[in-house]
Every structure is written in C-alpha cells, then in structure tokens.
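Visitor: I have a structure open and would like to talk it through. Could you take my questions as they come?

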Amino acid sequence: MVGRRIVPAVIVVAMSRAIDRFLDAARVLGHPVEVRRFPEGTKTAPDAARAIGCEVGQIVKSLVFLADGEPVLALTSGANRVDERRLATLAGASGARRANPEEARAATGFAVGGTPPFGHPGPVRTFLDRDLLAFEEVWAAAGAPDAVFRTTPTELRGTAGALVADLKETPSRG
Ligand code: 5CA
C-alpha cells in the first residue's frame, strides 16, 4: 500500500460522475471508449505516461486557452508546449492566453487534470497538435485525474472535430 493516497468519498463520487458524463458523450458520438483508471493518478502528462507505460509524447493534453476571449482547446502532445502566438493566429485572434481553472471548467464542464478532448457541454473550437499523428495510439483524459482512454490520432481528430495544426513552441533561433 506504499504510495497510496486516501481520497475522500465525496471526491471519489464526483470523479465517477465526471467519467460517466464523458462515457455518455462518447456513446452519443458513436465512439464508445474504454476507460482505464490508475490509482496512482494520471493528472499530468508525465504522470499518465508513467502509469500507462507509454511515451510522454503519446499523452494528449487537453489545454484550454482564451483567444480574444473565446475558449479554444489545444490537444497537445505531452512532449510539447503550446506557442500562444501560433494558437492566436490559428484562431484568427490577436492574442491567446492560458485559461485559469475556473475558465477552463466553464468552457469544458471538466476540471483541469481530467479534461477530456471532447464531450463538452457546448462546441469548443479545437486544434490537434500535428506531432500526435506520429503515433499509432495516443491516450487522453477521460473526465477525471485518474482516468484515461486510448484512441488513435485519426479517430481523435474526428471525435473532437479538431483541425490538425502546428501549434508547438519551437526553440528560438539565435
Ligand atoms: N490527465 C492528464 C493527461 S491526459 C491531463 O489532463 N493533462 S493536461 O496537461 O491536459 O492537464 C493537466 C494540466 O493542467 C497541467 O499540465 C497543468 O499545466 C494544467 N493546470 C494545472 N493547474 C492549472 C491552472 N491553475 N491553470 C491552468 N492550467 C492548469
């Protein structure tokens, strides 16, 4: 039992409800998913990669930004950081910034650390990091910070209604 956290029952119930909401949304889309839960937690991309035993680049981070105030979702490889200027350009906005946890939840209906790439209460413009296409399978959050599901980049593009884009930060020259 070394390393096991004690999670209050109220949080356990809230997490299960969030996963159920995501499962329902996936079914409605015609893409039922199989959720895997890890007691050690999958809250961040490195946590998830460690738990699953895959490359960190195969983890899909579902990151919410505000582009001129409009929520935009960047499905980003766990190996990359989002270039906010690139994202703003993609969104046709003059600027983009990371949403705070409250803004992210308002846009997606889920808490950061468990935000799924689709299944939100309303449409959110979504971009898919091109680097994820290099993998046969990728893993994304399934509504809670201990829950993930496996998908393929092509399937993810469809379920999330995402536009494939170059959105990662690249090292600056000079
Ligand atoms: N479940 C994992 C892997 S699928 C996951 O959801 N990863 S994530 O990258 O999409 O979400 C975790 C991220 O939430 C962290 O990397 C962190 O950057 C972000 N986050 C944590 N706290 C905040 C905060 N205060 N404001 C905005 N983002 C936050």
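Visitor: Before we start, how should I read the numbers?

Guide: Residues are numbered from 1 along each chain as its sequence is written. The model is predicted: local features need pLDDT of at least 70, side-chain atom pairs count only at pLDDT 80 or more, and totals for chains, interfaces and linings use all residues.

Visitor: How many residues surround the ligand, and which are the closest?

Guide: The shell holds 21 residues, with Ala 48, Lys 61, Ser 62, Val 112 and Ala 141 the closest. A residue is near a molecule if its C-beta atom, placed from the backbone, lies within 6 Å of it.

Visitor: Which element gives the largest share of that shell?

Guide: Strand β2 does, with five residues. α2 (45-52), β2 and β6 (138-141) each supply at least two. Helices (H or I, at least four residues) and strands (E, at least two) are DSSP runs, numbered from the N terminus.

Visitor: And how does the shell divide by residue type?

Guide: It has eleven nonpolar, seven polar and three charged residues. Ala, Val, Leu, Ile, Met, Phe, Trp, Tyr, Cys and Pro count as nonpolar, Asp, Glu, Lys and Arg as charged, and the others, Gly among them, as polar.

Visitor: Do β2 and β6 run parallel or antiparallel?

Guide: They run parallel, joined by two bridges; strands pair if DSSP finds at least two bridges between them. Ile 59 has Trp 139 in β6 as its bridge partner.

Visitor: What about β6 and β7?

Guide: β6 pairs with β7 (residues 147-151) in the antiparallel sense over four bridges, and Ala 140 has Phe 149 in β7 as its bridge partner. The two strands form a hairpin with five residues between them, and Gly 143 in the turn has a positive phi of about 110 degrees.

Visitor: Now the helices. Which residues of α4 are buried?

Guide: In α4 (residues 101-108), they are Ala 104, Ala 107 and Thr 108. They lie on the same side of α4 because they cover an arc of only 80 degrees around the axis, the arc being that of the directions from the helix axis to the C-beta atoms. A residue is buried if 20 or more other C-beta atoms lie within 10 Å of its own, exposed if 12 or fewer, and partly exposed in between, with C-beta atoms placed from the backbone.

Visitor: Why does Thr 108 count as buried?

Guide: Thr 108 counts as buried because it has 25 C-beta neighbours inside 10 Å. Leaving out residues up to four places away in sequence, Thr 108 touches Val 64, Thr 115, His 120 and Val 124; contact means C-beta atoms, placed from the backbone, within 7 Å.

Visitor: Which residues are buried in α5?

Guide: Pro 153, Leu 156, Thr 159 and Ala 160 are buried in α5 (residues 153-160). Their arc of only 125 degrees around the axis puts them on the same side of α5.

Visitor: What do they pack against?

Guide: They pack against β2, β3, β5 (125-129), β6 and β7.

Visitor: And the largest nonpolar core?

Guide: That core has 45 residues, and those with the most contacts inside it are Phe 65, Ala 74, Leu 75, Leu 87 and Ala 142. The largest share, seven residues, comes from β2. A nonpolar core is a set of buried Ala, Val, Leu, Ile, Met, Phe, Trp, Tyr and Cys residues joined through C-beta atoms within 7 Å.

Key. Contact = placed C-beta atoms within 7 Å.
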